[in-house]
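This report goes through selected local features of one model. Please keep the sequence and the 3D view at hand while reading.

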Amino acid sequence: MTSPGHESNQFSSIATVSEANFEQEVLHSKLPVLLQFWMEEQGSSSELEAFAEEMKGKVRVLRVDIHRSPFLARQLRVQVIPTWIVIAQGQVINATTGEFSRAHLLKVIEPFLPRPQESIQPRELAQLIKTGAALAIDTRDAAAFARARIPNAQHIPIEEIETQKHQLAPSGIYRVLYCRTGEKTKEFAQKLAGQGVGVYFLEGGILAWESENLPIERSTT
């Protein structure tokens with residue numbers, strides 16, 4: 001019998017790993033892995049199934065049955081079920097217990113998700129700017145740029161990017177576009193990269209920059 005909100009594991013799309021294939025499937029995985037330590041008779045959570053489908057190609061969601069693989073449970077110090085363990089690049093990143101929490105697990109996994117080749121994280125950009133290796137380019141409208149911006153950012157509205165791409169920055173440094181959330185500049189950076197223009201975008205935009213408590217330049221008037 002399965003508990004409310006759960007369904008029989010017979011219909012689950014989430015694979016179960018064992019001691020025999022743990023190293024190959026988990027430790028050698030190119031993607032981050034979310035492991036659920038559980039008992040098969042508990043059934044499968046519909047929320048977890050949906051999360052696994054949503055993150056397909058970004059995160060491997062796998063299970064370990066503690067009855068069938070007791071050595072793994074002891075090795076990873078699992079004492080309570082369900083236990084959720086995030087493993088990335090062969091290392092345990094986080095372990096938590098209790099009901100499935102999409103928000104918490106996504107926050108833990110997010111830094112290890114595959115990223116577009118053209119993306120740069122806020123703290124990466126801050127370090128590059130500090131060393132003179134990058135120029136931030138604000139693509140928002142003039143009013144937003146005037147209110148708050150990354151220090152020393154150049155302002156080129158997004159609708160002018162293509163016509164001014166030859167002026168983005170001197171060669172030899174990272175040219176990093178940013179907008180409010182990163183979505184618009186992600187599209188532009190990928191489009192320009194396809195045209196042979198080597199620009200990047202700030203992942204999460206200026207909102208992500210501010211959430212990291214990085215410096216902001218504001219107008220005094």
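## After helix α7

Gly196, which comes just after α7, takes a positive phi of about 85 degrees. Helices (H or I, at least four residues) and strands (E, at least two) are DSSP runs numbered from the N terminus.

This is a predicted model, in which local features need pLDDT of at least 70 and side-chain atom pairs count only at pLDDT 80 or more, while totals for chains, interfaces and linings use all residues. Residues are numbered from 1 along each chain as its sequence is written, and side-chain values use heavy atoms, with hydrogens and water left out.

## Helix α7 and its faces

Helix α7 covers residues 183-194, 12 residues in total. From its first C-alpha to its last it reaches 17 Å, close to the 16 Å expected at 1.5 Å a residue; the expected span is 1.5 Å times one less than the number of residues.

Thr185, Ala189 and Leu192 are buried in α7. Viewed down the axis of α7, the buried residues fall within an arc of 70 degrees, so they line one face of the helix; the arc is that of the directions from the helix axis to the C-beta atoms. Glu187 and Gly194 are exposed, on the face turned away from the buried side of α7. Buried means under 20% relative accessible area, exposed over 50%, and partly exposed in between (1.4 Å probe, protein chains only).

The buried residues of α7 pack against β12 (174-178) and β13 (199-202), where contact means heavy atoms within 4.5 Å. Axes are lines fitted to C-alpha atoms, for helices over the stretch in contact, and angles run from 0 to 180 degrees between N-to-C directions.

## The parallel sheet

An open sheet is formed by 5 strands in the order β8-β13-β12-β9-β11, with parallel pairing. At the edges stand β8 (119-120) and β11 (154-155), each with a single partner strand, so one side of each is left without a neighbour in the sheet. Two strands pair if DSSP finds at least two bridges between them.

Strands β12 and β13 run parallel and are joined by 3 bridges. Tyr200 in β13 is the bridge partner of Val176, and Val199 in β13 stands opposite Arg175. The pairing of β9 and β12 is also parallel, over 5 bridges, and Leu177 in β12 is the bridge partner of Ile137. Of the 5 residues of β12, 4 are buried, so the strand is mostly covered.

Helix α5 (residues 122-130) lies across β8, β9 (134-138), β12 and β13, and runs at about 120 degrees to β9.

## Loops with particular backbone geometry

The peptide bond from Ile81 to Pro82 is cis, with omega near 0 degrees. Pro82 is found in the loop between α3 (70-75) and β6 (83-88).

Gln89 has a phi near 55 degrees, a positive value in a residue other than glycine. Gln89 lies in the loop between β6 and β7 (91-97) and is exposed, with a relative accessible area of 70%. For Asn213, also a residue other than glycine, phi is positive and near 60 degrees. Asn213 is placed in the loop between α8 (205-211) and β14 (217-218), and is exposed at a relative accessible area of 70%.

## A buried arginine

Arg63 is in strand β5 (residues 60-65). Arg63 is buried, with a relative accessible area of 0%. The side chains of Arg63 and Gln36 are joined by a polar contact of 2.6 Å. A polar contact is a pair of N or O atoms within 3.5 Å; within protein, one must be able to donate a hydrogen and the other to accept it, and residues adjacent in sequence count only if both atoms are side-chain atoms.
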